[in-house]
Amino acid sequence: MGATELYEQVDGFVSKTVFDTIQRFRGGEVLTQSEITKGLPCVDSPTPVVLGVSSYLIFVILGLTLIKTLDLKPRTKEPAVLKLFVIFHNFVCFALSLYMCVGIVIEAISHRYSFWGNAYNSKQIKMGHLLYIFYMSKYIEFMDTVIMILKRNTRQISLLHVYHHASIAIIWWIISYHAPGGEAYFSAALNSGVHVFMYLYYLLAATVGKNEKVRRKYLWWGKYLTQIQMFQFVLNMIQAYTDLKFLESWKYPRFLFKILFYYMISLLGLFGNFYVQKYVAPGPKQAGKIKSDKAE
Ligand SMILES: CC(C)(COP(=O)(O)OP(=O)(O)OC[C@H]1O[C@@H](n2cnc3c(N)ncnc32)[C@H](O)[C@@H]1OP(=O)(O)O)[C@@H](O)C(=O)NCCC(=O)NCCSC(=O)CC(=O)O
């Protein structure tokens with residue numbers, strides 16, 4: 001059997017399983033594809049995202065196993081090529097996030113969107129394309145975990161991190177496939193905005209090195225960044241709740257609000273735990289201190 005036939009067989013199986021599962025979850029309603037994203041790479045079928053996330057998870061398991069088996073400690077000084085790659089990756093993600101945030105906000109204003117309560121409109125092609133780019137950016141973000149593994153920073157490869165990176169790609173595949181516009185604009189604009197600061201933080205962290213004094217000088221705001229990330233999840237949760245209660249069902253698919261609501265609860269729980277472990281549990285003197293210093 002050739003590679004193409006094998007892919008077709010896998011695609012048939014994955015597509016049937018995914019579409020059947022979503023249909024069951026929606027009480028029998030079939031998941032139709034948006035005209036806007038038809039034919040774009042990685043969206044017509046769930047197979048690319050399922051294979052992408054599966055490969056990502058296998059890579060993480062293999063990476064962690066290798067680090068554990070060889071008893072590798074976090075690098076005290078990484079090779080120059082790795083440092084340059086990390087800086088490049090963060091700069092790309094920073095610039096892309098800025099582009100997506102500004103682009104989505106401009107589109108929302110030009111279509112006279114309200115803060116919440118917006119209907120999906122299959123004629124708003126540019127908005128659909130921006131949300132599709134947002135979905136594709138989730139593949140680029142897999143590189144965050146590759147960086148963590150190459151740096152052997154196992155403390156960073158948490159359940160929170162891996163769960164977030166794996167699940168968000170699947171959720172945004174569903175949105176890109178079915179309803180890339182309307183109420184989804186809010187999560188994408190907000191998250192891109194938050195990611196502008198998150199990748200600026202990581203860019204600075206990668207640039208300033210490991211000296212704790214220098215880090216305190218440039219990265220003191222990490223704690224506030226985590227608070228902003230959590231506030232973002234609260235806003236998404238309130239949006240999902242109010243839309244579930246008050247939004248007419250023809251405007252935006254209700255099952256996506258259900259997913260958003262429970263997903264935000266899970267992220268808030270995991271981030272709450274992260275916040276306590278990193279900024280509260282170590283005691284006030286340690287707040288903001290980078291844990292990796294302990295590993296050196
Ligand atoms: C302040 C945070 C942004 C990051 O917390 P961290 O504990 O990871 O931060 P830290 O201070 O240890 O980060 C510094 C270390 O990260 C390395 N580093 C640099 N660039 C990186 C990148 N792109 N991905 C992962 N690590 C990276 C630096 O070289 C440095 O390593 P060294 O110390 O070796 O020199 C936090 O709020 C947060 O998000 N925590 C959750 C962890 C996480 O996975 N977040 C991202 C996905 S969740 C997400 O994205 C939610 C959202 O949508 O908002």
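Reader: At what angle do helix H5 (residues 142–150) and helix H6 (residues 159–178) pack, and how far apart are their axes?

Author: H5 and H6 pack at about 155°, with axes 10 Å apart. This is a predicted model, in which local features need pLDDT of at least 70 and side-chain atom pairs pLDDT 80 or more, while totals for chains, interfaces and linings use all residues. Residues are numbered from 1 along each chain, and side-chain values use heavy atoms, without hydrogens and water. Axes are lines fitted to C-alpha atoms, for helices over the stretch in contact, and angles run from 0 to 180 degrees between N-to-C directions. Helices are DSSP runs (H or I, at least four residues) numbered from the N terminus.

Reader: Why is H5 called roughly antiparallel to H6?

Author: Angles over 145 degrees count as roughly antiparallel, under 35 as roughly parallel, 65 to 115 as roughly perpendicular and the rest as oblique. The angle is about 155°, so H5 is roughly antiparallel to H6. The crossing of H5 past H6 is left-handed (the near helix is turned anticlockwise from the far one by less than a right angle; clockwise would be right-handed).

Reader: Which residues make the contact of H5 with H6?

Author: Phe142, Asp144, Thr145 and Met148 of H5 and His161, His165 and Ala169 of H6, where contact means heavy atoms within 4.5 Å. By class there are three nonpolar, three polar and one charged residues. Nonpolar here covers Ala, Val, Leu, Ile, Met, Phe, Trp, Tyr, Cys and Pro; charged covers Asp, Glu, Lys and Arg; the others, Gly among them, are polar.

Reader: What makes H4 oblique to H7?

Author: The axes of H4 and helix H7 (residues 184–208) come within 11 Å and cross at roughly 50°. That angle makes H4 oblique to H7. H4 passes H7 in a left-handed crossing. Met127, Leu131, Phe134 and Lys138 in H4 meet Ala184, Tyr185, Ala188, Asn191, Ser192 and His195 in H7. This contact has six nonpolar, three polar and one charged residues.

Reader: Why is H7 described as roughly antiparallel to H9?

Author: Their axes cross at roughly 170° and come within 11 Å; that angle makes H7 roughly antiparallel to H9. The contact of H7 with H9 has nine nonpolar, seven polar and no charged residues.

Reader: What makes the pair of tyrosine 135 and tyrosine 139 edge-to-face?

Author: Rings of Phe, Tyr and Trp (its six-membered ring) pair if their centres lie within 6.5 Å; planes under 30 degrees apart are stacked, over 60 edge-to-face and the rest tilted. For tyrosine 135 and tyrosine 139 the centres are 5.5 Å apart and the planes 70° apart, hence an edge-to-face pair. Both lie in helix H4 (residues 125–140), four residues apart, about one turn of the helix. The whole structure has 27 aromatic pairs.

Methods:
Helix = DSSP H or I, 4+ residues; strand = E, 2+ residues; numbered from the N terminus.
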